[in-house]
Amino acid sequence: MNIESLIFYGVPIYLIVMGILVILTTKNLFKMLLGLSIMDSGINILIVALGYIKGATAPIYSRYPEVFEKVVDPVPQALVLTAIVIGIAFLGLGLALVIRIKEKYGTVNVEKLKELKW
Amino acid sequence: MVNPILIIALLLLFAFLMPLLGLLHRRLPAFATLILPAFNLYVAVNHFLKMDFIPVVIKTGGFRPPFGINLAVDHFSLFFLILVNAIGVFIALSYLLEEQDYRFHILFLLNLLGASGIILTGDLFNSFVFLEILAISSYALAGSRKEKPALEGAIKYLIIGSIGASFYLLGVFILYKVTGTLNIADIALKLQNAKSGIVYLAGMFMLVGLFVETELFPLNTWAPDVYQGAYNRIAVQFSSLISKAAIYLLFRITFLIFDDPLFYKLLLVVGLLTFVVAEFNALAQKDLKRMLGYSSIGQMGLAVLAFALYGMISHPEAFFAATLLIVNHAIAKALLFANMDNMSENATIDIRSVNPFSSLMFAIGALSVMGFPFTLGFWAKIEILGILLRTNLLFLFFLIILIFMVEAFYYFRVITNLFRGETVCRRLNPLLAFSLVVFSIFLVYQGFYPIFTFSWLNRALNALLNKAIYISIIAGGL
Amino acid sequence: MYNINLALLAILAGFLTFFGALSHRVLRVASIVIGIVGTLVFAFLYLKPDTMEFIRMGVFAMSFNLTDISRFFLWIIISAFTLSLLPLIHEERSPFFYLYYFLAFGFASLTIMANDLLTLYMNFELTSLAIFAILLLGVRGDIKKTALKYIIYSLVGAYFYLGGLFIKFKYSGNIGFGGIQNVSTLTQIAIYTLLALPFFVKIATMPFHNWAPDAYYSASDSFTIFFSAGLSKVGVYGLVILMLKTFAELFKSNLYLPEIIAWVGGITALLGGIYAFMSDDAKKLLAYSSISQLGYVLVGLGLFTPYSFSAGIFHSVAHFVFEGVLFTTVAGVIHRLGTSDLRRMGGLIKKMPISFIGLLLGIIAASGIPPTIGFPGKWLLYEAIIMKGDLFLVSLVFFASITAFLYSYKLVHSIFLGKLHKEHRDVKEAPAGYVVATIIFLIPIIVFGVFPGVIFEKIYGFTKPVFNHDVFFTFNSLKTQIGFVKIPVAGIALAAMFAFSFILYLIAGRSYRAKQEDNYTAGEWVDEDFASHYAQEFYGFMRKAFGKLLDLSAEKFWNGVLTIFKAFSELTRRIYTGDVRDYALYLLFFLIVLVFLVGGKL
């Protein structure tokens with residue numbers, strides 16, 4: 001486990017764990033959404049990192065075959081692109097919901113959001 | 001025959017065109033919402049009846065699988081497609097006259113798109129995308145009602161759902177890393193013989209994502225809140241459309257890719273826990289919609305339990321029981337939730353006044369969920385008890401019977417109140433009444449003569465069980 | 001014509017009556033009459049032994065068959081149904097009521113004609129549902145609670161039955177009525193208990209009887225006639241089928257099972273009788289009386305000797321007849337008086353003479369006095385128990401019979417004898433429907449009481465294959481190894497005693513025609529408000545003696561069971577705390593558990 005792997009995988013995993021911790025501990029709904037966002041970013045980075053091949057270059061189809069020797073796996077990049085867009089979508093939706101909650105409840109404190117239980 | 005890809009394409013197209021349609025005429029979006037699921041239904045039924053018993057591959061973008069994304073159409077997918085779109089027609093028809101806001105129709109079509117996409121797709125990442133479309137539109141639909149309960153449920157659903165979806169994505173990617181492909185059939189082919197440990201990990205991640213959508217314990221915590229808070233038609237959608245598409249995916253992936261005793265055991269335990277906890281929770285409820293929501297969760301748990309018993313007894317009857325239960329539950333719950341429109345707001349189990357029509361509809365729906373004789377649910381119950389007995393686990397058998405008694409108790413508690421309350425003549429939406437009557441007649445008719453449902457179900461299951469053919473044809477990319 | 005068409009026609013008639021009742025009173029009456037006539041005509045002309053399959057699905061087919069046993073019980077139900085329809089003409093009910101009534105009859109007949117366990121289950125459930133619907137249209141008491149109690153007791157029993165059905169299927173490979181081979185005795189007993197449970201509930205065996213008093217009290221009075229006289233026989237039929245066809249070998253060979261069941265029946269008979277004479281309400285008293293009499297039936301069936309079994313079935317026919325007439329007359333009284341409280345009745349003998357005679361003969365039959373129909377069954381039952389040597393059981397049944405005298409007298413005195421209340425001065429005899437039904441009921445009370453052989457012949461027909469016993473009866477006498485009774489002789493002896501006292505009365509010359517009030521005031525002049533009707537605190541002394549017994553309640557036990565379930569559900573509720581952070585935590589924990597699960601594989 002060299003230093004490269006440590007950074008490449010450690011950072012996203014750290015982000016994921018941090019994201020989850022934020023969700024678990026914060027009382028503010030808005031911050032929870034941020035935590036979700038962080039977690040999402042972590043996962044995306046992890047996927048890209050796992051798709052990396054040492055010494056390879058970006059997977060862009062080019063006219064010059066000599067550069068075309070070693071490219072990184074393009075599939076994870078496509079995956080992540082889609083995942084980022086999906087992340088934007090749910091983040092936007094989540095924020096809209098939070099705004100509405102603020103209108104109705106007057107607060108974004110999660111502990112006040114316990115009307116429906118049991 | 002119409003190409004099934006039109007199902008997805010048209011849904012997407014009209015979802016985008018909705019604002020335009022809304023501008024042209026205020027009733028147009030509603031009609032479009034009715035026509036599309038009806039069209040899908042027609043296509044699906046047509047294929048179901050006319051297609052050979054060989055899965056069909058539909059290529060997209062000109063790439064052959066396993067390189068391109070493809071749709072995989074076999075009778076099992078068609079069966080679920082029919083179910084999901086029939087519910088779509090039900091919802092569209094019942095609320096045709098009422099809903100004018102085109103934004104709802106956009107969300108509805110996207111939801112339907114996600115569901116149909118999950119059912120049709122043959123590619124794992126594609127399933128993730130459609131799963132996300134389904135999930136996000138359902139977050140929006142859950143929160144569409146601007147009341148406190150709905151918003152609360154929606155935000156909780158969103159948070160849990162997103163975490164789950166992220167893990168699903170992770171699981172998909174790990175599978176890709178291991179097998180080098182994203183095609184479901186191809187993955188199944190490659191993993192048929194040897195499964196390395198990391199595949200199990202991927203499976204677990206994916207299951208976490210799926211369990212959220214299929215309302216299984218302990219990830220279904222959002223579900224009662226959503227069922228309680230959302231509009232009734234959204235509750236119908238959740239119980240009969242969204243969870244059914246998700247459970248299709250669960251079944252497909254488990255059976256094709258993760259065909260392993262460990263997974264079946266896990267599903268067995270999770271299904272059992274879901275069923276027990278949910279049904280007992282339903283007993284303790286005062287709010288009627290929440291009670292129905294817990295009942296939905298319980299039925300999903302029971303369906304997964306039945307499915308998982310295949311791992312123990314290796315008899316296709318397990319799948320039959322699970323799918324029959326799913327069909328019955330989708331229709332009966334749709335009936336129950338849509339009928340809530342005829343009852344007062346904030347209905348509790350001590351409901352005091354109803355009109356006779358809605359009492360009858362509730363009674364028929366409840367009897368079918370309970371599995372009373374001469375409803376479709378009865379046959380589902382018989383099948384489930386049959387496979388339970390095959391496992392020779394008498395303790396489990398009697399436990400399930402005990403929970404059935406609990407279920408009967410809390411449903412009859414409400415029925416007694418319904419038929420004993422004062423009668424109120426509320427203005428009934430005629431289209432809603434029509435849809436309710438159609439569904440209730442179906443349940444009772446199939447209770448007397450279930451041959452129709454059984455034969456279709458058998459056809460679907462034969463297709464599912466024919467794993468080898470599925471894999472060879474779709475992975476081969478004919 | 002298929003036999004099940006009887007049921008289908010009944011259901012059709014139900015819908016017709018529904019529409020008839022919706023439109024006009026006359027139409028309602030007319031459709032009821034059509035229902036009665038149609039049922040009887042069909043039954044006479046078209047019922048014949050016949051097997052029929054309705055739906056076939058793989059291994060299962062819904063099949064019906066009219067065997068001897070089915071036909072026997074079907075006739076009881078048809079008679080009870082048509083007779084109960086007569087008083088119904090006078091009652092004003094919602095249109096749905098008639099529909100459910102006919103449906104209950106239709107499904108009950110289908111249940112009896114069922115040819116396998118699953119068909120039986122399906123139709124039995126629908127009968128229960130129809131009865132539930134009728135109970136929801138009840139006339140007094142806490143209707144919601146009563147109806148819910150009824151359906152839950154029925155359903156719980158039915159679910160156990162379903163469990164037993166599947167287990168039986170597993171061991172015997174079929175769901176027909178045949179027996180099970182190669183299974184241990186304990187398993188057989190377990191399967192029997194599971195299968196018999198809903199029928200025990202239906203005939204209100206203790207401790208599953210709690211639904212019955214409330215249900216009988218709440219339900220509309222003519223329905224109670226059908227309920228008690230007719231529908232309970234579905235339960236008896238179920239037990240008979242199980243014991244004769246499926247578990248005959250078990251009962252013959254096992255020493256304990258017959259004893260246990262007979263004792264359960266005996267305790268039901270005794271306690272039912274005690275609760276009966278403790279009741280202050282006419283319908284509740286009759287309800288407990290019905291429970292008690294069905295307890296005798298259970299003793300007979302459970303003991304499983306040829307005599308006891310025949311006695312049990314005969315007594316269930318007797319039960320139909322005398323409970324039928326009792327409920328009919330009481331229904332008539334309630335119809336005229338507007339109350340069912342025994343303490344508010346009295347002295348109606350001159351106002352409602354036909355009802356009085358009906359009730360009188362009914363209670364004579366219920367007490368088992370020759371030559372009424374109540375006698376042969378009880379006599380034979382005693383003989384059978386004594387022959388088996390079980391003296392404790394005999395004592396128990398004997399004590400139960402004493403309670404029958406007690407509540408019978410309470411009933412007749414509180415309603416017809418004693419003081420006539422002022423508000424009832426203008427009461428007339430019960431309406432025609434009740435009277436006609438009463439009179440029709442009286443015919444079998446005497447006829448089959450004097451000539452029980454007619455019925456025993458039929459019973460012999462389907463019990464001989466199992467017990468292989470000799471004929472023990474003739475047209476009008478019964479004979480066992482230890483006893484012999486010629487019923488006309490007993491009847492004449494009884495009549496002779498009456499005749500003797502009557503002749504004494506005639507020739508003594510010291511009789512004086514007293515007014516009705518002098519009957520209970522002994523010539524004193526009392527205030528109208530003076531509480532001189534013995535119906536108040538009837539058997540008050542008994543209450544001191546048996547009071548503690550009444551606290552012992554099966555209902556409390558079952559409510560306790562329900563509370564345990566509810567407590568558990570309160571516990572599981574707390575999982576869903578409402579806090580989204582907890583929910584995320586659940587997800588995380590679950591994930592960690594899953595990862596550990598696959599940890600070994602990595």
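Helices here are DSSP runs of H or I of at least four residues, numbered from the N terminus. In this predicted model, Thr146(C) belongs to helix H6 of chain C, which covers residues 143-172. The relative accessible area of Thr146(C) is 5%, which falls under the 20% limit, and the residue therefore counts as buried. When neighbours within four places in sequence are set aside, the contacts of Thr146(C) are with Asp214(C), Ala215(C) and Ser218(C).

## The interface of chain A and chain B

Chain A contributes 37 residues to its contact with chain B, and chain B contributes 34 residues in return. The size of an interface is often given as the accessible area lost when the parts come together. For chain A and chain B the area buried between them is about 3,200 Å², with 77% of it on carbon and sulfur atoms. Between these two chains 0 salt bridges are found by the rule, while 6 residue pairs, both residues at pLDDT 80 or more, are in polar contact.

On the side of chain A that touches chain B, the elements giving two or more residues are helix H1 (3-25), helix H2 (29-50) and helix H3 (74-105) of chain A. H3(A) supplies the largest share of that side, namely 16 residues. Sorted by class, the side of chain A that touches chain B is made up of 26 nonpolar, 4 polar and 7 charged residues.

## The interface of chain B and chain C

The contact between chain B and chain C draws 67 residues from chain B and 56 residues from chain C. These two chains bury about 5,800 Å² between them, and 83% of this area lies on carbon and sulfur atoms.

Several helices of chain B give two or more residues to the side that touches chain C, among them helix H6 (148-179), H8, helix H11 (261-283), helix H16 (376-390) and helix H17 (394-420). Of the contributing elements, H17(B) gives the most to this side of chain B, with 17 residues. By class, the side of chain B that touches chain C holds 52 nonpolar, 10 polar and 5 charged residues.

## Aromatic pairs

Over all chains, the structure contains 87 aromatic pairs. Phe211(B) and Phe590(C) are both buried.

A further pair joins Phe502(C) and Tyr505(C), whose ring centres are 5.9 Å apart and whose planes stand at 35°, so this pair is tilted. Phe502(C) and Tyr505(C) both lie in helix H19 (residues 487-508) of chain C, where a spacing of 3 residues separates them by about one helical turn. Tyr505(C) has a relative accessible area of 45%, which lies between the limits of 20% and 50%, and the residue is therefore classed as partly exposed.

Key. Residues numbered from 1 in each chain as written. Chains lettered and ligands numbered in written order. Predicted model: local features only at pLDDT ≥ 70, side-chain atom pairs only at ≥ 80, totals over all residues. Heavy atoms only, no water. Contact = heavy atoms within 4.5 Å. Buried area = accessible area lost by both parts, 1.4 Å probe. Salt bridge = Lys/Arg side-chain N within 4 Å of Asp/Glu carboxyl O. Polar contact = N/O pair within 3.5 Å; in protein donor to acceptor, adjacent residues only side chain to side chain. Nonpolar A, V, L, I, M, F, W, Y, C, P; charged D, E, K, R; others polar. Phe/Tyr/Trp six-rings, centres within 6.5 Å; stacked < 30°, edge-to-face > 60°. Buried < 20%, exposed > 50% of the residue type's maximum accessible area, 1.4 Å probe, protein only.
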